[in-house]
Amino acid sequence: MIYNNNESKKCCYAMRDEIEQIIKDENIDRKYFYEVSKLKYEQIIRKFYFTFCDYKKYPIIDLSYLWLRFRKELEFSEKIYFYKDFKEFIEKISVLVPDNDDDRFYYLILDYGWVYEGKLKEIQNVLYCTSVLLEDFYIVSKKFDWFIGHSDDGQSLCLVTT
């Protein structure tokens, strides 16, 4: 992971620490939500980036403000905007998932560079319990044929398909 300064490094690790605490506090079964092996991080992030981003125009992989680098030929659903109820907002992720299945696992990629794998219900629980440190995140099909992106700046969710 690349850090611009010590403050961004602290924030990055604070997000991971918070997620680990949420897993404990919410009694989330680690069979259904867990941090991916750091040996697989680069492979998953690269696959995600090269599948959905205009890597010819933006050859350096950077997960911050990623929504500015998506390929033009991708299909985008209508956005779901956050208004008042964050729990309701996070629950709407289920509506966007094209192959919603209680037994399916997805990747959760945070713009801080952390990569998790889990079932949708557990991913939503973790996202709901996070603090203001949560910025952009991506719930990605393990086939890399779609993802749901959250833009903190746009306070919205969107399904993106290839």
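Helices (H or I, at least four residues) and strands (E, at least two) are taken here as DSSP runs, numbered from the N terminus. The model is predicted, so local features are used only at pLDDT of at least 70 and side-chain atom pairs only at pLDDT 80 or more, while totals for chains, interfaces and linings use all residues. Residues are numbered from 1 along each chain as its sequence is written, and side-chain values use heavy atoms, with hydrogens and water left out.

Let's start with the charged pairs. Side chains of opposite charge can pair when their charged atoms come close. Counting a salt bridge as a side-chain nitrogen of Lys or Arg within 4 Å of a carboxyl oxygen of Asp or Glu, a search of the whole structure turns up eight. One of them joins Glu-20 to Arg-30, with the closest N and O atoms 2.8 Å apart. Glu-20 sits in helix H1 (residues 6–25) and Arg-30 in the loop between H1 and strand S1 (33–35), so this pair ties together parts that are 10 residues apart in sequence. For accessibility, buried means under 20% relative accessible area, exposed means over 50%, and partly exposed is anything in between (1.4 Å probe, protein chains only). On that scale Glu-20 is buried at 16%, whereas Arg-30 is partly exposed at 38%.

Lys-142 lies in the loop between strand S6 (137–141) and strand S7 (146–151) while Glu-117 is in S5, so the pair ties together parts that are 25 residues apart in sequence. Glu-117 is buried, with 12% relative accessibility, and Lys-142 is partly exposed, with 37%.

Next comes helix H2. H2 (residues 38–52) has 15 residues and should span 21 Å at 1.5 Å a residue; its end C-alpha atoms are 22 Å apart, which agrees. That expected span is 1.5 Å times one less than the number of residues in the helix. The buried residues of H2 are Tyr-41, Ile-44, Ile-45, Phe-48, Tyr-49, Thr-51 and Phe-52. They cover an arc of only 165° around the axis, so they end up on the same side of H2; the arc is that of the directions from the helix axis to the C-beta atoms. An α-helix has 3.6 residues a turn, so residues three or four places apart point the same way. On the face turned away from the buried side, H2 carries the exposed residues Leu-39, Glu-42 and Gln-43. What covers the buried residues of H2 includes S1, S4, S5, S6, S7 and strand S8 (156–161), with contact meaning heavy atoms within 4.5 Å.

Finally, a look at the backbone. Tyr-65 has a phi near 50°, a positive value in a residue other than glycine. Tyr-65 is found in the loop between H2 and strand S2 (75–76) and is partly exposed at 45% relative accessibility. Phe-144 also has a positive phi, near 60°, and is likewise a residue other than glycine. Phe-144 is in the loop between S6 and S7, and at 10% relative accessibility it counts as buried.
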